[in-house]
Amino acid sequence: MSETTGKRLIKTVIRINGMSCANCAANIEKNLLKLPGIYQAAVNFASEKAVLEYAPEEIRLSAIIEAITELGFKPVTLKSSFTVSGMSCASCVGRVEKVIMNVPGVVSTSVNLANGQAAVSYLEDVQLSTIKQAVRDAGFEVSAETAAPEDVSDTANREIKKLRTMLIAAAILGVAVLILGFMPSFTGKAYLLWALATPVQFWAGLRFYKGAWSALKHKTADMNTLVAVGTSAAYFYSVAAVLMPSAFISGVIEPNLYFDTSSIIIVLILLGRFLEASAKGQTSAAIKKLIGLKPKIASVIRDGQEQHIPVDDVTIGDIIVVRPGESIPVDGIIRDGYSTIDESIITGESIPVDKKTGDEVIGASINRTGSFRFEATRVGDNTTLSRIVKLVEQAQGSKAPIQRLADIIAAYFVPIVISIAIITFIIWHFAGPSPSLTYAILNFVAVLIIACPCALGLATPTAIIVGTGKGAENGILIRDAETLEKAHKVNSVLLDKTGTLTLGQPKVTEIIITNNMTKDEVLQLAASVESGSEHPLGQAIVYESKQKELEMLPVSGFNAIPGHGVEAMVDKKQILIGNLRLMKDKNISLDGEEEQAHILWEKGKTVMFMAIDGSLGGMIALSDTIKPGTAEAVKRLQGMGIDITMITGDNRRAAEAIARQVGIEDVLYEILPEHKSDEVRKLQQAGKIVAMVGDGINDAPALAQADIGIAIGTGTDIAMETGDITLMSGELKGIAGAIDLSKRTMRTIRQNLFWAFAYNVLLIPVAAGILYLFFSGGTVPSGLHFALGEYGFLNPILAAAAMALSSLTVVSNSLRLKNYRLK
């Protein structure tokens with residue numbers, strides 16, 4: 001750090017990928033220096049690093065990273081997560097986030113109260129240990145290493161057991177104090193009450209004192225502060241009454257003992273914490289279920305022998321034997337045999353799938369019939385199941401924009417409550433009924449105890465955890481909380497054709513010859529050229545050629561023409577294969593065959609034209625099968641009031657033929673892959689909230705441009721990387737399911753936030769004594785005396801019960817999502 005002109009400047013180094021020349025470095029440097037708050041910037045093309053000095057009060061590091069990204073370059077950041085213990089409310093979350101963000105080089109952080117996870121993005125020169133130490137210095141416990149889900153669960157279970165033990169002991173002592181308080185007076189009763197209440201106050205309540213002291217050291221306050229101050233006021237008031245009873249006999253104070261109040265408050269708050277921790281554990285049941293699906297043992301062929309080894313020891317290339325009823329250990333490709341496999345745990349689809357030699361299998365799915373051998377292709381953290389678990393964990397640890405309001409309020413909540421409590425004390429001490437000091441202290445305690453920032457902190461993350469877990473159970477992977485919040489606003493869906501509406505497995509149906517060549521010769525030439533292409537249509541032509549056992553001819557000068565086709569030299573002939581646009585661009589005459597092409601297009605088929613040395617040599621028609629249930633999925637979306645548009649590179653007639661079959665009226669045809677994002681942008685400019693649905697292969701820019709990018713794919717890397725939402729089953733009904741899940745989750749979050757706000761807004765005034773206005777003459781009905789006393793002052797014990805109930809209500813409401821069935 002450096003100081004200049006009275007401003008605190010931080011010097012940082014950012015590694016930047018994507019620079020191709022010195023001009024790139026100069027461009028980045030020039031644009032960085034334009035940003036307010038950056039005082040020095042030097043970008044080195046050779047080292048690929050930018051050295052900056054900036055004022056953190058004027059510009060955040062995240063804004064600098066975003067500015068570099070918008071220029072088309074990629075700043076290198078690292079991401080880690082770890083478990084933070086000791087957080088009790090939304091104020092704690094804010095404190096942890098603040099100390100992490102104060103570490104130079106930290107770009108962003110998100111701390112989740114519900115699962116105790118802190119996710120951090122930081123620059124390369126920052127040590128994770130430095131970030132963790134900053135959290136420890138703030139008074140919280142931090143896991144030594146990035147915690148695995150199993151470890152997080154074990155830690156949570158240990159905390160629940162510890163809470164249970166403490167709660168039982170405190171409850172026994174607290175109830176004893178409560179019962180003893182109602183018994184007739186006897187010699188030594190006051191000292192016995194004191195003795196019983198002290199372990200509750202300073203052993204069971206030690207966690208509150210530790211938390212309060214930690215907050216005080218950092219000049220802040222949290223939930224622990226409220227509990228510690230409130231119970232201490234009741235406890236030490238009672239101690240003073242025991243030691244100096246004669247000083248209490250006056251018109252403003254009486255020697256009543258409130259050991260039962262301090263003890264039962266702690267017991268009730270511990271009970272609330274215990275129930276809350278148990279309920280929070282249930283919110284992550286989905287992720288625990290996924291983790292539990294991982295097989296432990298694999299039957300591997302090594303040295304010609306079948307060996308049973310731990311799954312973690314399986315390597316890529318191993319041949320694994322799977323028998324009926326067994327779980328498939330890792331991802332792979334069947335090399336021998338066939339079977340029916342239940343992939344419902346991954347895709348959410350209950351119908352088993354037939355698999356044969358050459359088909360892919362997914363780890364953790366169940367082999368129903370038949371035995372087979374497969375080659376491992378993904379192992380360890382790279383399996384589909386591991387990547388799903390990681391994606392769900394990231395989503396559950398993220399924050400939804402709607403939570404920002406709760407975070408802002410939580411930052412000021414505790415200081416405001418303490419201020420209200422002090423004002424309450426002053427008012428009732430000087431203007432309250434006799435004994436005024438006693439009532440002032442009790443109302444002071446009630447205000448501190450009844451205030452609940454916990455409910456504010458849990459309102460959003462608990463619903464996000466359950467919602468994303470519910471999605472994963474149904475084969476809908478949601479990348480982050482922001483996506484889950486935004487999905488229900490979608491009113492326009494753009495559907496790519498190939499691989500989305502159709503299976504993406506086109507087949508050759510007709511070959512039309514236009515010269516003296518035979519159909520097989522046309523197919524052989526086309527397949528020889530397309531053997532260098534990865535396009536599904538090209539692969540279909542190659543597959544048809546192999547089925548007819550046609551020999552591949554030598555090819556030279558292969559060139560792919562994006563959105564149009566391919567060209568190459570075969571047998572000294574210049575071959576062009578592609579769509580009608582390619583033929584027109586190359587001035588190839590169709591020789592009267594355009595009518596035949598139109599007939600094929602009307603049937604919804606794709607036509608590939610082949611030109612040989614500048615003349616049309618033939619046409620190959622291909623068709624793709626529409627996915628089962630596509631028409632029903634489209635109808636369901638339309639019934640939700642969502643506009644549906646199909647987008648494709650096909651010509652108008654072929655595109656409209658497919659659209660008619662699935663019930664889509666709006667069609668965008670002859671759209672090149674690189675222009676799909678432009679169509680998304682046009683819809684957004686028209687005021688639409690757009691979801692783009694594709695396979696993530698040639699429509700990644702469109703998925704990124706859309707408000708919600710939905711990738712179709714059974715766990716493919718590219719689908720899971722490019723989509724905000726990934727539909728593991730590949731079926732379009734998941735689109736409506738994701739939108740419906742978003743609506744339900746957001747409804748739950750709004751209910752939680754309403755309850756959290758309403759609870760505090762309504763009950764803090766009650767604790768402050770507002771009911772005295774209605775019962776100032778001591779007219780409280782006798783049946784309400786325990787709750788409201790003689791003058792309408794809330795019993796602090798009931799304040800503690802209400803506070804515990806508020807957090808439990810929020811968590812329980814979120815848990816209702818577990819019973820929700822996706823439509």
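**Close-up views of a predicted chain**

**View 1. Ile-511 and its bridge partner.** Ile-511 has Ile-620, in strand 26, as its bridge partner. Strand 26 (residues 615-623) and strand 21 pair in the antiparallel sense over six bridges. Two strands count as paired if DSSP finds at least two bridges between them; strands are DSSP runs (E, at least two residues) and helices are runs of H or I of at least four, both numbered from the N terminus. The model is predicted: local features need pLDDT of at least 70 and side-chain atom pairs pLDDT 80 or more, while totals for chains, interfaces and linings use all residues. Residues are numbered from 1 along each chain as its sequence is written, and side-chain values use heavy atoms, without hydrogens and water.

View 2. Six strands, with antiparallel pairing, form an open sheet in the order 21-26-25-24-23-22. Its edges are strand 21 (507-513) and strand 22 (555-561), each of which pairs on one side only. On average, neighbouring strands of this sheet are turned by 20 degrees against each other, direction ignored. Axes are lines fitted to C-alpha atoms, for helices over the stretch in contact, and angles between N-to-C directions run from 0 to 180 degrees.

**View 3. Helix 21 across the strands.** Helix 21 (residues 594-602) lies across strand 21, strand 25 (606-612) and strand 26. Helix 21 runs at about 155 degrees to strand 25. Contact means heavy atoms within 4.5 Å.

**View 4. The chain around these elements.** The chain has 30 helices and 31 strands. Along its principal axes, the C-alpha trace spans about 120 × 70 × 60 Å.
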